[in-house]
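Subject: Structure handover

Dear colleague,

I am passing on the structure below, together with some notes for someone who has not seen it before. Please look through the model first and then read on.

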Amino acid sequence: MRLTVIGASGSYPGPDSPASCYLLETEHEGATFRVLLDLGSGALGVLHRYIDPVTVDAVLISHLHADHCLDLCGFYVLRKYHPTGAQPKIPVWGPVDTDRRMAKAYDLDEDPGMNEEFDFTLYPEETFQVGPFEVTARQVAHPVPAYGLRIRADGRTLAYSGDTGTCDALVETARDADFFLCEASFIEGHANPPDLHLTGAEAGVMATQADARRLVLTHVPPWHDAQVMLAEAHLTYDGPTELAEPGTTYEI
């Protein structure tokens with residue numbers, strides 16, 4: 001499977017990157033199956049550089065903060081009013097209340113809201129299938145319902161932290177993962193609130209405890225120097241480690 005970083009900025013779009021959005025692709029039944037992991041502020045426009053957005057088959061939303069979900073509003077418009085006609089409904093997996101919250105974000109009546117464009121589905125407790133992808137969602141440590149995602153296809157495993165503090169659920173999400181896409185939003189030594197985000201060092205600890213094979217740091221806010229997070233992670237994790245860069249495609 002292939003992962004392309006569309007947006008990697010934390011909390012809001014930065015000068016060089018939209019907020020969180022990652023394009024996951026693999027071949028399936030003679031075609032390319034495409035899933036978006038989050039669709040944060042500013043990401044939809046940049047997505048056009050890489051694919052025609054109408055070819056997206058599903059969306060997985062980690063949680064309902066704007067930097068992870070708000071461009072679903074634009075995606076709704078694109079699919080509803082596309083010049084070739086209304087596009088087929090696609091599944092959007094997410095936390096409880098995703099359908100209502102997105103309707104309110106675009107000032108729509110809840111009925112139908114965006115339900116004619118998207119099939120909103122709450123993450124189940126068990127592993128589920130999205131096309132060729134086997135997905136397990138675990139609730140992680142964040143002030144709102146938020147999920148880490150473990151995705152398996154083609155004999156490989158991708159783990160995505162979403163937004164989280166340190167927790168056992170994150171370690172299990174990343175257990176033996178070939179690729180661990182993990183947030184790093186805080187810096188060691190600062191007065192960081194608990195159960196909100198990770199430092200680079202904490203991301204490294206989570207990767208080490210999980211025995212993840214590769215760590216890619218993301219969600220660094222524009223007010224921080226990402227190299228600081230990277231240096232911290234190197235102190236607590238001895239596997240391959242790098243920063244997510246918009247436009248980079250990884251073969252997993």
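Although Asp-195 is not a glycine, it has a positive phi of about 55°. Another loop, the one between H4 and S6, holds Pro-112, and the peptide bond that joins Asp-111 and Pro-112 is cis, with an omega of about 10°.

Please bear in mind that this is a predicted model, in which local features need pLDDT of at least 70 and side-chain atom pairs count only at pLDDT 80 or more, while totals for chains, interfaces and linings use all residues. Residues are numbered from 1 along each chain as its sequence is written, and side-chain values use heavy atoms, with hydrogens and water left out.

Now to the sheets. Seven strands form an open sheet with mixed pairing, in the order S6-S5-S4-S3-S2-S1-S14, where two strands pair if DSSP finds at least two bridges between them. Its edge strands, each of which pairs on one side only, are S6 and strand S14 (249–251). Neighbouring strands of this sheet are turned by 20° against each other on average, direction ignored; for such angles, axes are lines fitted to C-alpha atoms, for helices over the stretch in contact, and the values run from 0 to 180 degrees between N-to-C directions.

Within this sheet, strand S5 (residues 90–94) and strand S6 (residues 118–122) run parallel and are joined by five bridges. Ile-90 has Phe-118 in S6 as its bridge partner, and Val-92 stands opposite Phe-120 in S6. Together with helix H4 (residues 98–105), S5 and S6 make a right-handed β-α-β unit, right-handed meaning that, with the strands pointing away from the viewer, the path from the first strand over the helix to the second runs clockwise. Helix H3 (residues 72–81) lies across strand S3 (31–39), strand S4 (58–60), S5 and S6, and runs at about 145° to S6, with contact meaning heavy atoms within 4.5 Å.

The other seven-stranded arrangement is also an open sheet with mixed pairing, in the order S7-S8-S9-S10-S11-S12-S13. Strand S7 (128–130) and strand S13 (241–243) are the edge strands here, each pairing on one side only, and neighbouring strands are turned by 25° against each other on average, direction ignored. Five bridges join strand S9 (residues 147–153) to strand S10 (residues 156–160), and these two run antiparallel; Ala-153 has Arg-156 in S10 as its bridge partner. Helix H6 (residues 200–210) packs on the sheet, where it touches strand S11 (179–183) and strand S12 (215–218), and its direction makes about 150° with that of S11. Helix H7 (residues 226–236) packs on the sheet as well, touching S12 and S13, with a direction at about 170° to that of S13.

Finally, there are the aromatic side chains. The structure holds 10 aromatic pairs, which are rings of Phe, Tyr and Trp (its six-membered ring) whose centres lie within 6.5 Å, with planes under 30 degrees apart counted as stacked, over 60 as edge-to-face and the rest as tilted. One aromatic cluster is formed by Trp-93, Tyr-123, Phe-128 and Tyr-147.

Terms used
Helix = DSSP H or I, 4+ residues; strand = E, 2+ residues; numbered from the N terminus.
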